[in-house]
Amino acid sequence: LAERVLADPHVRMGDTFFARATAAEAFLLLGNLDRAETILRDALTLEDATLAARASASRQFDLLAEALEGERLGALAGKLRPPPVIFYSGHMFRPDQAAEGRITAGVRAWLEQSHSCIAFGAAAAGADILIAEAVLERGGELNLLLPFSSPDFVRHSVLPYGDEWLPRYEAVLAAATNVQFATDTSYVGDAGQFDYGNQIAMGLACLRAQHL
């Protein structure tokens, strides 16, 4: 069956992610791991190698890895898996170049190590904005979830920590993939509104991770 698949012109001459992933699966079944790895590496560079496509293919490779066994097969499946989806929430503070440098370096290193590029959270002054900036710097997908209206959020979670944060807040808002609000109300002086916003953001992150 694998040989018949490789003889199919849609697979043999295909220049789509799914065509090449299918060819890699067939070569795995034929025991040619080197060829499978080369094709898969090439497939991941294609424009249609979206996170959803990778998620679908990774499930196929997991099944093959389970049936055929071997650490190298598991590593191949791992290359396909979408990156983890993160939820973030950080401390607010006034501008501090030294502290910001340390925090940003740590965030960048963690994102690089985990290959994370999808994030859900808010954009308060301090760590929130630093994390949001680092995600955007990587060309990632930033999903902002604010607990209530933006003007009130600025008044209570941005400006009290220094006017310098305002342009950075506006910049991450403008660059975000999605901006949503937990409610369409104003701030009513209840800390529970922030908790509610965080819980919705966490829920959205979990749903996105399950989908992938």
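The legends below go with several close-up views of one predicted model.

Residue numbers start from 1 in each chain and follow its written sequence. In this predicted model, local features need pLDDT of at least 70 and side-chain atom pairs count only at pLDDT 80 or more, while totals for chains, interfaces and linings use all residues; side-chain values use heavy atoms, with hydrogens and water left out.

**View 1. Four parallel strands form an open sheet.** Let us begin with the strands. Their order is β1-β2-β3-β4, and the pairing is parallel. The edge strands, each pairing on one side only, are β1 (85-87) and β4 (178-181). On average, neighbouring strands of this sheet are turned by 15° against each other, direction ignored. Helix α11 (residues 192-211) packs on the sheet and touches β1, β2, β3 and β4, and its direction makes about 175° with that of β1. Two strands pair if DSSP finds at least two bridges between them. Contact means heavy atoms within 4.5 Å. Axes are lines fitted to C-alpha atoms, for helices over the stretch in contact, and angles run from 0 to 180 degrees between N-to-C directions.

**View 2. Strand β2 pairs with β1 and with β3.** Strands of a sheet pair through backbone hydrogen bonds, either parallel or antiparallel. Between β1 and β2 there are 3 bridges in the parallel sense, and here Val85 stands opposite Ile118 in β2. Strand β2 (residues 118-121) also pairs with strand β3 (residues 141-146), in the parallel sense and over 4 bridges. Look for Ala119 opposite Leu142 in β3, and for Gly121 opposite Leu144 in β3.

**View 3. Strands β2 and β3 are covered on both faces.** In a regular strand the side chains alternate between the two faces of the sheet. On β2, Ile118 and Phe120 are buried on one side, and Ala119 and Gly121 are buried on the other. Buried means under 20% relative accessible area, exposed over 50%, and partly exposed in between (1.4 Å probe, protein chains only). For β3, 6 of its 6 residues are buried. Glu141, Asn143 and Leu145 lie on one side of β3, with Leu142, Leu144 and Leu146 on the other.

**View 4. Asp152 sits in helix α9 (residues 150-157).** Asp152 is buried, with a relative accessible area of 8%. Other buried residues of α9 include Phe153 and Val154. The buried residues of this helix pack against β3, α10 (165-175), β4 and α11. Which residues does Asp152 contact, leaving aside its neighbours within four places in sequence? They are Ser186 and Tyr187. A polar atom of the Asp152 side chain lies 2.7 Å from the backbone nitrogen of Tyr187.

**View 5. Ring pairs link five aromatic residues into a cluster: Phe148, Phe153, Tyr169, Tyr187 and Phe194.** Rings of Phe, Tyr and Trp (its six-membered ring) pair if their centres lie within 6.5 Å; planes under 30 degrees apart count as stacked, over 60 as edge-to-face and the rest as tilted. By this rule the count is 7 aromatic pairs. The ring centres of Phe148 and Phe194 are 5.3 Å apart and their planes stand at 75°, so this pair is edge-to-face. Because Phe148 lies in the loop between β3 and α9 and Phe194 in helix α11, the pair ties together parts that are 46 residues apart in sequence. Phe148 is buried at 0% relative accessibility, whereas Phe194 is partly exposed at 26%.

**View 6. Cys117 and Cys206 have sulfurs 17 Å apart.** A disulfide is a pair of cysteine sulfur atoms within 2.5 Å. How many disulfides are counted by this rule? The count comes to 0. The closest cysteine sulfur to that of Cys117 is in Cys206, too far for a bond. Cys117 is partly exposed, at 24% relative accessibility, and Cys206 is partly exposed too, at 47%.

**View 7. His115 has a positive phi.** Most residues other than glycine have a negative phi. The phi of His115, however, is near 60°. This residue is found in the loop between α7 (97-114) and β2. His115 counts as exposed, at 53% relative accessibility.

How values were computed: Helix = DSSP H or I, 4+ residues; strand = E, 2+ residues; numbered from the N terminus. Polar contact = N/O pair within 3.5 Å; in protein donor to acceptor, adjacent residues only side chain to side chain.
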